[in-house]
Amino acid sequence: MSLIFETHAHYDDDAFDEDRDSLLLSMKDAGIGEIINVCASPESLKTTKALMEKYDFVYGAAGIHPSDARGLNDDFIEEVRALSRHKKCLAVGEIGLDYYWDKDNKDEQKKWFGRQIELAKEEKLPVIIHSRDAAADTLSCMKDFGAKDAGGVVHCFSYEKEMAREFMNLGFYLGIGGVVTFKNSRKLKETAAYMPLDRILLETDSPYLAPVPYRGKRNCSLYLPYVVKEIAALKGVSEEEVIETTRANALRLFVKSGIKE
Ligand code: NI
């Protein structure tokens, strides 16, 4: 059996304060091979670094989330750059646009999204993109700032098939997590059935978006088999094939010395 490559989690979140160590130490026996802990706040640059240095199977992504775009400055970007050079940092992220939570600072969000795409290219790393209620602007920023040259993944993909095609045309992968198991996520199920398996990455966004039957509870990477099962059913392939192919995808995208098969 291949191990699952978890490409997006936030184990530095307060939700894990009670049992972070025991939970992380239980991953390997449960079939989870690697985990990318993705920065979700400015403080997360420090806590992600600490997790990467504590656990051999935890890697990191360095970036400033669009919800923290307000008042950003170049010093922050240099802090992102410093962490991006860590040997276990595999990507710049999560970066992007979020018009669900913030509609009044779109230009500011676009500016820092673009700046971090440029940083990723300078540091030769792929990007992990967060995009919510902002499909068209996300795509145009990606084009304007040449995200194709960085490569990467649109995480927690939530748009329709046509947008999936646009992102895949830029060479991007799409991250699929617990939402695909929700009964009311017909659009995402359709998109997942449509996307080639070699463009899909597995992710949880823990502690958020737990799959059925844990919907609404704290999420963690141990629940990824429910996502695997759903994708396998939608695509008519075996669960093992989903695990193996998405693992190969992750290794292809996040190539850096230190990740061993
Ligand atoms: Ni996230």
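User: Which residue in strand 5 stands opposite aspartate 98?

Analyst: Arginine 132 of strand 5 stands opposite aspartate 98. Strands and helices here are DSSP runs numbered from the N terminus (H or I for helices, at least four residues; E for strands, at least two). Before we go on, a word on the model: it is predicted, so local features need pLDDT of at least 70 and side-chain atom pairs count only at pLDDT 80 or more, while totals for chains, interfaces and linings use all residues. Residues are numbered from 1 along each chain as its sequence is written, and side-chain values use heavy atoms, with hydrogens and water left out.

User: How do you know that strand 4 and strand 5 are paired?

Analyst: Count the bridges. Two strands pair if DSSP finds at least two bridges between them. Strand 4 and strand 5 are joined by six bridges and run parallel, so they pass that test. Strand 3 and strand 4 pass as well, with three parallel bridges, and so do strand 2 (residues 32-38) and strand 3 (residues 58-62), with four. You can follow one row across: valine 38 faces alanine 61 in strand 3, and alanine 61 has alanine 91 as its bridge partner in strand 4.

User: What makes strand 1 and strand 8 the edges of the sheet?

Analyst: The sheet is open, with eight strands in the order 1-2-3-4-5-6-7-8 and parallel pairing. Strand 1 and strand 8 each have a single partner strand, so one side of each has no neighbour in the sheet. On average, neighbouring strands are turned by 30 degrees against each other, direction ignored.

User: How do you know that helix 2 packs on the sheet?

Analyst: Through its contacts, where contact means heavy atoms within 4.5 Å. Helix 2 (residues 44-54) touches strand 2, strand 3 and strand 4 (89-98), and its direction makes about 160 degrees with that of strand 3. Such angles run from 0 to 180 degrees between N-to-C directions, with axes fitted to C-alpha atoms, for helices over the stretch in contact. Helix 5 (residues 135-144) also packs on the sheet, touching strand 4 and strand 5 (127-132).

User: Why do the buried residues of helix 2 line one face?

Analyst: Buried means under 20% relative accessible area, exposed over 50%, and partly exposed in between (1.4 Å probe, protein chains only). In helix 2, Ser44, Leu45, Thr48, Leu51 and Met52 are buried. Seen down the axis, they fall within an arc of 130 degrees, so they line one face of the helix; the arc is that of the directions from the helix axis to the C-beta atoms. Lys46, Glu53 and Lys54 are exposed on the other side of helix 2. Among the elements covering the buried residues are helix 1 and helix 3 (74-84).

User: Why is strand 4 called mostly covered?

Analyst: Ten of its ten residues are buried.

User: Is aspartate 74 buried, partly exposed or exposed?

Analyst: Aspartate 74 sits in helix 3. Its relative accessible area of 49% makes it partly exposed. For contrast, serine 221, in the loop between strand 8 and helix 8, has 0% and therefore counts as buried. Beyond its neighbours within four places in sequence, serine 221 is in contact with residues including Glu6, Tyr11 and Met27.

User: What makes His8, His10, Glu94 and Asp205 donors of the nickel ion?

Analyst: Distance does. Donors are N, O and S atoms within 2.8 Å of the metal (3.2 Å for Na, K and Ca); water is not among the atoms, so sites may look incomplete. Here His8 (NE2), His10 (NE2), Glu94 (OE) and Asp205 (OD) lie 2.1 to 2.2 Å from the nickel ion. Along the chain, the spacing is H-x1-H-x83-E-x110-D. Histidine 10 and aspartate 205 link distant parts of the chain, 195 residues apart. Histidine 10 is buried at 4%, and aspartate 205 is buried at 11%.

User: Why is the arrangement around the nickel ion called irregular?

Analyst: Four donors count as tetrahedral if all angles lie between 85 and 135 degrees; four count as square planar and six as octahedral if opposite donors are over 155 degrees apart and all others between 65 and 115; anything else is irregular. The four donor atoms subtend angles of 84 to 172 degrees, which makes the arrangement irregular.
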